[in-house]
Amino acid sequence: MSTKNTDVLIVGSGIAGMQAALDIGDSGLNAVIVEKSPSIGGKMISLSKVFPTLDCASCITTPKMAASSHHPRVDIYTYTEVKEIKKVSDGFEAVIIKKPRFVIESECISCKKCEEVCPVYVKDEFEYGLGVKKAISIPFTNAIPQFPVLDESKCIRCGACARVCPKDCIDYLQKPEEINIKSKAVIISTGYEITPMDAKKEYNGTKLPNVISSLQAERLLAPHGPYGKFLRPSDGKIPDSIAYVQCAGSRDESIGIPYCSRVCCMYAIKQAMLLSGMLPLSEITIYYMDIRAFGKGYEQFYNQARAMGINFVKAKVAKITEDEEHNPILRIDRQEDGSKPQEVKHDIVVLSQGLVPSTKNFFGLELEINEYGFINQPQKTLSPAKTNIEGVFVAGVASGPKDIPDTIMEAGSAAVEVINYVKSVKVGS
Amino acid sequence: MEENKIYEKEHTINENYRQKPKVAVYVCHCGGNISDVVDVKKVAEELSKYHDVAISREYAFMCSSTGQDYIVEDIQKNGINRVVIAACSPALHELTFRGALQRAGLNPYLYEHVNIREQVSWVHKNDKEGATKKAISLVKAGVEKVLRQDPLNSIRVEAVKTVAVIGGGVSGMRAALSVAKNGLNAVIIEKSDKLGGKLNRSGNVYPTGEKAISVAENLSKEVLSSDKIKVYFNSEITFVSGYVGNFQINVKRKNGEYEKIKAGAIIIATGFDNYKPYEGEYGYGLNKFVLTLPEFIEALEKSGPGKFNYNGKDINSVSFIHCVGSRQIDGIDKPGKNGKINEYCSRVCCTSLINTANNLKTKYPDVEVFDIYTDIRTYGMDHESYYKEASKNDVIFFRRPLEERPSVEFDGAKIKIKTKDVLTMNEDMEIETDMVVLGVGMVPNDITDLVEYMKLPKSSDGFLQEVHPKLRPVEVANNGIFIAGTAQGPMDILESLQASNTAAVKAAALLASGDIPLDPFVAVVDEDKCTGCEKCPKECSYSGALTMIEKEVNGKKKKVAYVNAALCKGCGACAAVCEPRAINVAGWSLDQFDAMVEAIAKE
């Protein structure tokens, strides 16, 4: 097993992990990022545009990805799981497992020929299941690194990719590889998943084809998305009437998620604004409990959306069903006019799901987490990036839902704390 | 002013730029942001026929690793010595691509960034043909410009390894501590006689429930015991001069003495002020039982056990009103002294107010509590539980429509609040109450002088403006100046500390290497051509950047213009008045502009 020494081990390469790595590298220390997916970039690289500036997400994320991968003091392991992290006398020892891509990375020239000839289509995870890709493929256009991954479970072993590869680097027998990482400190930036589509049974999220997740909506709105247009999945129709259901997975004791996820109001408003630009004749309605536009420039953004004619309706959606043409039907209770519960029909419904931690298992580290699985910050009013373990820091959504600007601030904060910690232990040793 | 040492570092590894120009043109699709409107293939094809262009390509994302690898490969293997990229705004990626040139061994300034997104595809969505034509013209102009480009070297200035932190509240203290632990010196300049800022108050803070004052004390103990931090109490800043790496802050101390503080970077942590309601705003100032939230928190802490008594009156009911001085709407709310309304949300008041309502209920369970709001924004991880607790505590909530305002009226000793309530089908409600508490928002502290000394940019909400909320969230446009905490906008304590730490890491990275690279886009004087007419220094707005000196040129003593490269901002005002074209901004010479205009006009 090979061993790599570094100053800081960063788990997760979303915007939090990348920003922390860049700040650490710029300050003269070394960092290793470990990422379980085949590309760095996290959730942010899959978003359409970002609030409140409406920059395209790629435009902000790709340079951070490129900067991390080019940084002389940052090393990145993608498609790699963390098996365990142990605290030892002089820092931390981690075992990571590099999963087989079934491609010899040192030889691959990213020519995509394997992808072209592969006869097997599989659901594209990057498009959250909306599009398809080949069983061997580069994860997405601006992925880093640009190595294809072979989906072992779907591959039919036809050998087409191996025959076409000009560098002979398809290796069907590639095995996982274990690597030791020794570091002085650790940053956990493992991020989030959105609440599962079936979390709220009444919304039938996994059963109704035209009830989609907010991340699927992000892909439909992205300029390089799966269809190149905003189409509804059941029949490819351009929707005339689109509804957003707020708090579909937050502030809801019935599904065990009572907290507010902080970002859903704003991303729904953003998506509604993008939709209204894309489909100017469509009706867009946001059903909400409270609009929480609390960040810098957010209230102005909300006001702009109202001025654009987006309907904001104070109502809790009780249930979603559909008619025979797969048009979703929402049962709602409007607060404002005191009318009786009513049923309204839309062409497509987006669930504004909340954020849940991506993992509750921290590789054997005895991190204190709260009842929902987010990492506790025991020094909230002194050094909020610190965890209960000396030398382990947290950045981004791993400690609780937050938006991108707040996440970037936390990454900088974790970076300075970790740099100062490493400097102090180096002096001590 | 002392002359500072200026270093020059050679960027160019090989001398490839001296050879016959071989330009590479790259046209970026920006996902579909550009290619949905502009025919990028046609642009690349047209440019491949243009003079001196050796390679012309288009690609989905030039900023991605693959895109950048094309550039590196073309330079290293195909002998490219000048590069033009047609993509987004240079504000986003000019630095990204200069980095790629540098990695490939080419001088990073032999590069031209043509904006065909903001200036073409986004503004000509309905005219694809016209947009493509315009893109072609602009890229050709870019080629003309880069052909006349000289290799440049960044200017390097020596940096003072001290960070000056303005303001000694939680943000300033956190920033100073992190900077000091990093090995730099920190100086805190505080106008009052103690550290802690707004936390030197009564009451507790969410979400930890600690006493506000002990939060301040925990940090100030660390600050005062650090031998790397010097605190100037009772100090007023009278002027700020200099530039990144070498700022000078003039401070007037309480004893009337002046002192000059030298710093390589400045962190502004001047914090916020509480919104002050005008007289009559919800009855404020007309009745002593209408209080702001901070006033109420103090009153609550001072009141004794048993019954809640304030100003000689037993208080049996308290009504809280949200969004006072925040989320204001034009035409509904009265503008402030600056003639503007506060459109922004102050972020912290909902949780702070509900926390206080819960504290009131804990101390005096029999007091009736009413809460008039339009949206409850208890957004944080633990904040929603305060809202839930308030409901359990029987706080009675009234939800006003977004564009309606409650009224506060006085009838003898009685206070009446009238409001519409969405929760009861928009009924008009009347609440009789003994006390009204106004949930006042945050406004920026008055730092007019600092803004003027440092020429700081402000956002429309009056707080300081960062360069970009995601790319450069704690930097202002002025090099070497950072923002920490609520000087930037409303934040709670935890968020302020995180932001302050981010300011600290950026300041520390800036000063880590001892000298700082600056952009070379400054005025340069062709001393042969300079006639010594003295017109240009009069146009210069940056004190000390452009002066006249007596100098020997070609064996003759003559008067010529002289540029201090560290102070020059490259604005070009000097070039505009120079008839013989003796002064030019490096990288933006008039000859380059001539050629660009010609290329565009030729079409």
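Contact is taken here to mean heavy atoms within 4.5 Å. In this predicted model, local features need pLDDT of at least 70 and side-chain atom pairs count only at pLDDT 80 or more, whereas totals for chains, interfaces and linings use all residues. Residues are numbered from 1 along each chain as its sequence is written, chains are lettered from A in the order in which they are written, and side-chain values use heavy atoms, with hydrogens and water left out.

By this criterion, 84 residues of chain B are in contact with 78 residues of chain A. The buried area, which is the accessible area (1.4 Å probe) that two parts lose on being put together, summed over both, is about 6300 Å² between the two chains, with carbon and sulfur atoms giving 54%. Of the area that chain B buries against chain A, 13% is supplied by B:Met381, B:Lys470 and B:Gln498, more than by any other three residues.

Across the interface of chain B and chain A, 12 salt bridges are found, each defined as a side-chain nitrogen of Lys or Arg within 4 Å of a carboxyl oxygen of Asp or Glu. One salt bridge joins the side chains of A:Lys296 and B:Glu466 (3.1 Å, N to O). Helices are DSSP runs (H or I, at least four residues), numbered from the N terminus, and those of chain B that each supply at least two residues of the side touching chain A include helix 2 (65–78) and helix 10 (383–392). Helix 12 of chain B gives the most to that side, with 12 residues.
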